[in-house]
Amino acid sequence: MTKVREPSSVVEMAEMCRKAQDKVMAMSGGRKDQYDMARAIADRLQDCDYYEIDASIGKATDDMFEQLFMHRATQTITIDKDCRLPSKTCAFWQRGTTIQFPDWGPVPFMYFAVEEKDGTFVYAVSPYFSTIMFGGYQVEVEGGTLLEEGQTEEDQQLNLSNVLTVAAMCSILNQPSFTKKEPAGSRQERRAAKRSGTYAADAWHKITWNIGEEVKAKLTRDEPVRCMPLHYTRGHWRRAEEGWKNTTLRKDGLWYQWIEGFWSGHPAFGIKKAYHAPKMGDAA
């Protein structure tokens, strides 16, 4: 059995996956389906933007998954446009992300997502197993999840969970007010990848919060009132005076001002569940 080793960065993971696809093509023999899949993945890996996800953002992705999708019937889920991919072809890798097989595992993999005409399709790509297609999703379409028919209920739920994990992750990555991008991997790794002639020079991104750990710790210690988790305050009426903006004279004879709902806080401090929250694009 192949010895499993976790890569040190998304750059190393990409190179391991590329070499694995080359090996599959060389050993496919008469299996045209295997060759075609490996060739397609290898070609897409060349045009891909790679995202190395910080562990704290991975945790926030789990929280956002619960906020957006948990306890909702599949046919009623509407995936917001904020869940679109940051670019047409993306790979997302977080240290410790693995898949468990019945007789083998855990095995590291990265999410590989492609925007096609019919939707966004999500795969698991790894140096250690053949590419797995989880399914896909369409944004702003009720019941817009795309899963293969004929699956067991257990497999369908597992695949749906992986598809929606990518959607939830994108909903965070698409908020520049929360995250920042830096070059992923070491300079030596990026140079080696560039010499292969396979990847774009700016393909590597490490995603972290725009609040560093030192700033986060200082705020927590010195200004805890500012350490609010991301949360949504619903629109509401408050007492006002005649002439103020958005005011209405109500039945009790008093003037009130309508305050639109708003997001506030920062997901670096957590995400507070809100049943009436709108899309993340309205976040502060």
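Hi everyone. Before we start, one definition: a helix axis here is a line fitted to C-alpha atoms over the stretch in contact, and the angle between two axes runs from 0 to 180 degrees between N-to-C directions. Please also keep in mind that this is a predicted model.

Helix H1 covers residues 10–27 and helix H2 covers residues 32–46. Their axes come within 9 Å and cross at roughly 155°. How do H1 and H2 run relative to each other? Angles over 145 degrees count as roughly antiparallel, and H1 and H2 are therefore roughly antiparallel to each other. The crossing of H1 past H2 is left-handed.

Which residues meet there? From H1 we have Cys17, Arg18, Gln21, Val24 and Met25. On the H2 side they meet Gln34, Tyr35, Ala38, Arg39, Ile41, Ala42 and Leu45. Sorted by class, this contact has eight nonpolar residues, two polar ones and two charged ones.

Three strands form an open sheet here, ordered S12-S14-S13, with antiparallel pairing. Which strands stand at the edges? Those are S12, at 236–239, and S13, at 247–249. Each has a single partner strand, so one side of each is left without a neighbour in the sheet. From one strand to the next, the twist averages 40°.

S13 and strand S14, residues 255–259, run antiparallel and are joined by three bridges.

Conventions
Residues are numbered from 1 along each chain as its sequence is written. This is a predicted model: local features need pLDDT of at least 70, side-chain atom pairs count only at pLDDT 80 or more; totals for chains, interfaces and linings use all residues. Side-chain values use heavy atoms; hydrogens and water are left out. Helices (H or I, at least four residues) and strands (E, at least two) are DSSP runs, numbered from the N terminus. Angles under 35 degrees count as roughly parallel, over 145 as roughly antiparallel, 65 to 115 as roughly perpendicular and the rest as oblique. A crossing is left-handed if the near helix is turned anticlockwise from the far one by less than a right angle, and right-handed if clockwise. Contact means heavy atoms within 4.5 Å. Ala, Val, Leu, Ile, Met, Phe, Trp, Tyr, Cys and Pro count as nonpolar, Asp, Glu, Lys and Arg as charged, and the others, Gly among them, as polar. Two strands pair if DSSP finds at least two bridges between them.
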